[in-house]
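Subject: Handover of a structure and findings

Dear colleague,

Please find the structure below, handed over for your use. My findings follow it, arranged by topic.

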Amino acid sequence: MLVLVAPGQGAQKPGFLTPWLDLPGVTERLTWWSAVSGLDLIHYGTKADEEEIRDTAVAQPLLVAAGLVSAHALFGEGIEGATGLAGLPSRIGAVAGHSVGEITAAAAAGVLTDEAAMVLVRRRGLAMAEAASRTETGMAAILGGEQDDVVAHLDKHGLTAANVNGAGQIVAAGTAEQLAALAEDKPEGVRRVVPLKVAGAFHTDHMAPAVAALEALVAGVPVADPRTAYVSNRDGGVVTSGAGVIERMVAQVSNPVRWDLCMETFQELGVTALIEVAPGGTLTGIAKRALPGVTNLALKTPDDLDAARALIEEHAIPAVATPAEEELREA
């Protein structure tokens, strides 16, 4: 069974969209999404420096755009008459995204159109950037240590375990002062505390204003029920309604990402292979340690597409049309 996953903020690098522009139709698609989102995705994905794309309001739309571009390139255009990626998940056993990657996953599952995903992620990035500007906050990866001991140690410093990623990796979030205290007083067994290139304490109470802003927006967003298993960051649960996906996605902005529980769900579903959409590498790195025996592949450039297609042929669900797809074909 094949799982498709999408990375979160911090996976972006200067120029990472450049090789994808060589594929037919990508420039046109990104031009359209730029108009929809109000952000020049081609400029930021090809010419902007590291500091520019570190901006939350820029990084998040870039990541979703890259993930969708690579998913379209991998699975083709889907069935005639389908919007966005709605026609593509019939061979995918499950989808999930880490943090903002949940929006990419929602589009892959047919919950959102591409356009709705780009509008939503742009507003999400702006709202989170505004919330982060109110107090100097940040995040740091904690490498090593026992999970319960690390979480208890973070509580002592007033920090939040904002990402519990599995494979011995937890990300702490809080104020600059709290993170500085953590660097001086690491939990027992922790090898390193590594500051992350993000602009705020995401997935904590510091993001409450962003949640309120998104709640006011999403009531009018058109959604559909997911066409494949959608695994939520909140608790690793499989969500079966489009409204449920959106509700969890918004609430998750100020709540911890439980990627460890997502991977447990992958195992329960019978995962045998995992593909990470562009800019891949982060989640496959975790999967190598946490999901032994599962074949994984990161889409970093178009050069990885052939290997990914071979993986799909070996591990994906046979291509049998769903009733909804048959209706579209007959229309």
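Is Arg309 buried, partly exposed or exposed? With a relative accessible area of 34%, Arg309 is partly exposed. Please bear in mind throughout that this is a predicted model.

Salt bridges

The structure holds 7 salt bridges, and three of them are described here, beginning with the one that involves Arg309. Its partner is Asp306, and the closest N and O atoms of the two are 3.2 Å apart. Both residues belong to helix α13 (residues 305–315), where they lie 3 residues apart, about one turn of the helix. Asp306 counts as exposed, at 56% relative accessibility, whereas Arg309 is partly exposed.

A second salt bridge links Arg54 with Glu51, with 3.8 Å between the closest N and O atoms. Because these two residues are 3 residues apart in helix α3 (residues 50–54), about one helical turn separates them. For Glu51 the relative accessible area is 54%, so this residue is exposed. Arg54 has a relative accessibility of 29% and counts as partly exposed.

Asp235 is located in the loop between β7 (229–231) and β8 (238–239), while Arg248 belongs to helix α10 (residues 242–251), so the pair ties together parts that are 13 residues apart in sequence. Arg248 has a relative accessible area of 18%; since buried means under 20%, Arg248 is buried. Asp235, by comparison, has a relative accessible area of 36% and is partly exposed.

Helix packing

Helix α4 (residues 56–75) packs with helix α5 (residues 101–108) at an angle of about 35°, and their axes are 9 Å apart. The crossing of these two helices is right-handed. On the α4 side, the contact is made by Leu63, Val64, Gly67 and Leu68; on the α5 side, by Ile103, Thr104 and Ala107. Sorted by class, the contact of α4 with α5 has 5 nonpolar residues, 2 polar residues and no charged ones.

The sheet

An open sheet is formed by 6 strands, in the order β8-β7-β2-β1-β10-β11, and its pairing is mixed. Strands β8 and β11 (295–298) stand at the edges, each with a single partner strand, so one side of each has no neighbour in the sheet. Elsewhere in the sheet order, strand β1 (residues 2–6) and strand β10 (residues 273–276) run parallel and are joined by 4 bridges. Leu4 has Ile275 of β10 as its bridge partner. As a general point, the strands of a sheet pair through backbone hydrogen bonds, either parallel or antiparallel.

A buried serine

Where is Ser254 found? Ser254 is in the loop between α10 and β9 (257–258). With a relative accessibility of 15%, Ser254 counts as buried. Its neighbours within four places in sequence being left aside, Ser254 is in contact with His203, Thr204, Asp205, Met207, Ala208 and Val211.

With kind regards

Technical notes
Residues numbered from 1 in each chain as written. Predicted model: local features only at pLDDT ≥ 70, side-chain atom pairs only at ≥ 80, totals over all residues. Heavy atoms only, no water. Salt bridge = Lys/Arg side-chain N within 4 Å of Asp/Glu carboxyl O. Buried < 20%, exposed > 50% of the residue type's maximum accessible area, 1.4 Å probe, protein only. Axes fitted to C-alpha atoms, helices over the stretch in contact; angles between N-to-C directions. Left-handed = near helix turned anticlockwise from the far one by under 90°. Contact = heavy atoms within 4.5 Å. Nonpolar A, V, L, I, M, F, W, Y, C, P; charged D, E, K, R; others polar. Pairing = 2+ DSSP bridges.
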